[in-house]
Structures are given as C-alpha cells and as structure tokens.
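Try each one before reading its solution.

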Amino acid sequence: RMHALSSCLLAAGAVAGFVAAAFRNPGVVPSARCSRGSASTEAVPVRYIIVNGKQIKQRWCQTCRIYRPLRAKHCGYCDR
C-alpha cells in the first residue's frame, strides 16, 4: 500500500513539474555590452564544450556577441 501511495505522489510531482515548465517563460540570454564596431573585425577564438562525452563546437553569434547556447535560435517576432 505504501509503495502505491509513493508511486502516485512521485507521478503527480512529475506531472506538476512538467506542467509548470511548459507554461513558464524560458527567458532570454542577455547580450554582451561591448561596442559593436571594435570587436566585429577581430577573430573570435573557437570554443568547444563536452556534452555526453562528445566534443561540440559552440557557435559565435554576431548579433548578440556571445557564444550561442546549444539549440538557441533568434525569435523572428522580436529579433532577440
């Protein structure tokens, strides 16, 4: 009986967490605060990160002037 109750509580907590994440604003990554003209001609160093044991190259975003997080895109509506 205790096992069934704890399983139901765990499942309800998982569903509640999923619903909370689905309806929450993910936010935005703040852009760098440096001048646009000076660093645009400089070469940006290549940066790699390890994800699940594999080495992945991070991309540099010319618009935001940061290394773009994985799976990040610009919004076509607000251009952020």
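**Exercise 1.** Find the aromatic pair and describe its geometry.

The partners are W60 and Y67, with 5.1 Å from centre to centre and 75 degrees between the planes. That makes the pair edge-to-face, since planes over 60 degrees apart get that label, those under 30 count as stacked and the rest as tilted. Now check accessibility: Y67 is buried at 17%, while W60 is partly exposed at 28% (buried is under 20% relative accessible area, exposed over 50%, partly exposed in between; 1.4 Å probe, protein chains only).

The model is predicted: local features need pLDDT of at least 70 and side-chain atom pairs 80 or more, while totals for chains, interfaces and linings use all residues. Numbering runs from 1 along each chain as its sequence is written, and side-chain values use heavy atoms, leaving out hydrogens and water.

**Exercise 2.** Work out the strand order and pairing of the sheet.

β1 and β3 (66-68) are the edges, each pairing on one side only. Pairing takes at least two DSSP bridges; β2 and β3 have 3. Across from R59 you'll find R68 in β3.

**Exercise 3.** Which loop holds N52?

Look between β1 (47-51) and β2 (54-61). N52 has a positive phi, near 55 degrees, without being glycine, and is exposed at 79%.

Notes
Rings of Phe, Tyr and Trp (its six-membered ring) pair if their centres lie within 6.5 Å; planes under 30 degrees apart count as stacked, over 60 as edge-to-face and the rest as tilted. Helices (H or I, at least four residues) and strands (E, at least two) are DSSP runs, numbered from the N terminus.
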